[in-house]
Amino acid sequence: MKHELYLGIDGGGSKCKARLELANGELLGEGIAGPANPVHDAELAFDSIASAGRDALVNAGFSANDLSKVNAVLGLAGVNIPKYYHLIEAWKHPFKQRFVTTDLHVACLGAHGGHEGAIVITGTGSSAFACVAGKQQLLGGHGFPLGDKAGGAWLGWRAIGLVLDSFDGLLPQSDFVRDVCNTLQVGSADDLVTKALRFLPKDYATLAPVVIKAAAAQDALAIGIMQEGADYLQQLIDRLRERQPERISVIGGLANRWLEWLPDSTKSLLKSPLCSPEYGAVALAKQMFKES
């Protein structure tokens, strides 16, 4: 091939996205595939990574078989756990060269246009990450229910706990409590517990909009949940600031919702994310595998 090809992979628990570029930054093609978190299913993760890469190649006008000519960075959920990092490292991958790092690392690089910085991520889960002077630091990211405070799953979990207290007569009934019950289509504590026993994080997260809406309507219980989450995010931001990153961004599906709960003094310190995680991955690929 006349020019080197660089591929950035952002692989999470629900989807895997790929970005293919030349060394000069020209975007050639993008791809998407299924889940790519090796903690949940390693073989599925391998398939999704390769599939997203092939999709990007085909969309760029290349053959799907050209993966063997691609320099790839794989930014994956779960590889912050050594067992799963080594699992990915041992994979007989289809690429010319590949480098494995966390999805947080590439998300951070993407948020800051390919440069170092710090991020707080809040979507279904939550975590914080900094990369300053080549040194990385991860805060949180322990997974629900052990962690992920201020994530969508945590919001739903907190809401269900309060609804159960209401059923027990420890808290008053309210529009918030009724909205949670209506959303889940339950009418008693037994109904709620029976349904929630099978919940995955994404199921709890379906209640996040209910909590956010109730807080906006000045429900005291919902406000308490949101304030607790905002206080946690503030603590994460304060810890990140100790590393003195040039930029800090809050990213993820709930980012804009949480910004409303942070003090103005904190919001003034935060910068809007510049690019996507897969952009960060391909930027790292070009750093790692420079054309000789």
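Pro-145 sits in the loop between strand S8 (135–140) and H4, where helices (H or I, at least four residues) and strands (E, at least two) are DSSP runs numbered from the N terminus. A cis peptide bond, with omega about 5 degrees, joins Phe-144 to this Pro-145. The model is predicted, so that local features need pLDDT of at least 70 and side-chain atom pairs count only at pLDDT 80 or more, while totals for chains, interfaces and linings use all residues. Residues are numbered from 1 along each chain as its sequence is written, and side-chain values use heavy atoms, with hydrogens and water left out.

**Loops and backbone angles**

- The loop between S8 and H4 also holds Ala-150, which has a positive phi of about 80 degrees although it is not a glycine.
- Ala-150 is buried, with a relative accessible area of 0%, where buried means under 20% relative accessible area, exposed over 50%, and partly exposed in between (1.4 Å probe, protein chains only).
- Gln-218 is found in the loop between helix H8 (208–216) and helix H9 (220–241), and its phi is near 70 degrees, a positive value in a residue other than glycine.
- Gln-218 is exposed, its relative accessible area being 59%.

**Packing of H4 against H5**

- The axes of helix H4 (residues 152–167) and helix H5 (residues 175–184) come within 10 Å and cross at roughly 110 degrees; axes are lines fitted to C-alpha atoms, for helices over the stretch in contact, and angles run from 0 to 180 degrees between N-to-C directions.
- H4 and H5 are therefore roughly perpendicular to each other, on a scale where angles under 35 degrees count as roughly parallel, over 145 as roughly antiparallel, 65 to 115 as roughly perpendicular and the rest as oblique.
- On the H4 side, Ala-159, Ile-160, Leu-162, Val-163, Ser-166 and Phe-167 meet Phe-176, Val-177, Val-180, Cys-181 and Leu-184 of H5, contact meaning heavy atoms within 4.5 Å.
- By class, this contact of H4 with H5 has 10 nonpolar, 1 polar and no charged residues; Ala, Val, Leu, Ile, Met, Phe, Trp, Tyr, Cys and Pro count as nonpolar, Asp, Glu, Lys and Arg as charged, and the others, Gly among them, as polar.

**H3 and its contact with H12**

- H3 is mostly covered, in that 8 of its 9 residues are buried, and these are Leu-104, His-105, Val-106, Ala-107, Cys-108, Leu-109, Gly-110 and Ala-111.
- The axes of H3 and H12 come within 6 Å and cross at roughly 95 degrees, which makes H3 roughly perpendicular to H12.
- His-105, Val-106, Ala-107, Leu-109 and Gly-110 in H3 meet Pro-277, Tyr-279, Gly-280, Ala-281 and Leu-284 in H12, and by class this contact has 7 nonpolar, 3 polar and no charged residues.
- Ala-283 lies in helix H12 and is buried, with a relative accessible area of 12%.
- The C-alpha atoms of Ala-283 and Leu-139, 144 residues apart along the chain, are separated by 23 Å.

**The largest pocket**

- The largest pocket has a volume of about 1,500 Å³; on a 1 Å grid over the protein atoms alone, a pocket is an open set of points where a 1.4 Å probe fits, with protein on both sides within 12 Å along at least five of seven lines.
- Grid points are joined across faces, edges and corners, and a volume is the space filled by probe spheres set on the points.
- The lining comprises 42 residues, of which Gly-12, Gly-13, Ala-77, Asp-103 and Gly-125 lie nearest the centre of the pocket, a lining residue having an atom within 4 Å of a point.
- Two or more lining residues come from each of strand S1 (5–11), helix H3 (103–111), strand S7 (126–132), helix H7 (201–205) and helix H12 (277–288), and H3 gives the most, with 4 residues.
- By class, the lining of the largest pocket has 16 nonpolar, 19 polar and 7 charged residues.

- Ser-249 lies in strand S9 (residues 248–251) and, at 0% relative accessibility, counts as buried.
- Not counting residues up to four places away in sequence, Ser-249 touches Ala-111, His-112, Ala-118, Ile-119, Val-120, Lys-271, Ser-272 and Pro-273.
- Arg-257 lies in helix H10 (residues 255–259) and is partly exposed, with a relative accessible area of 41%.
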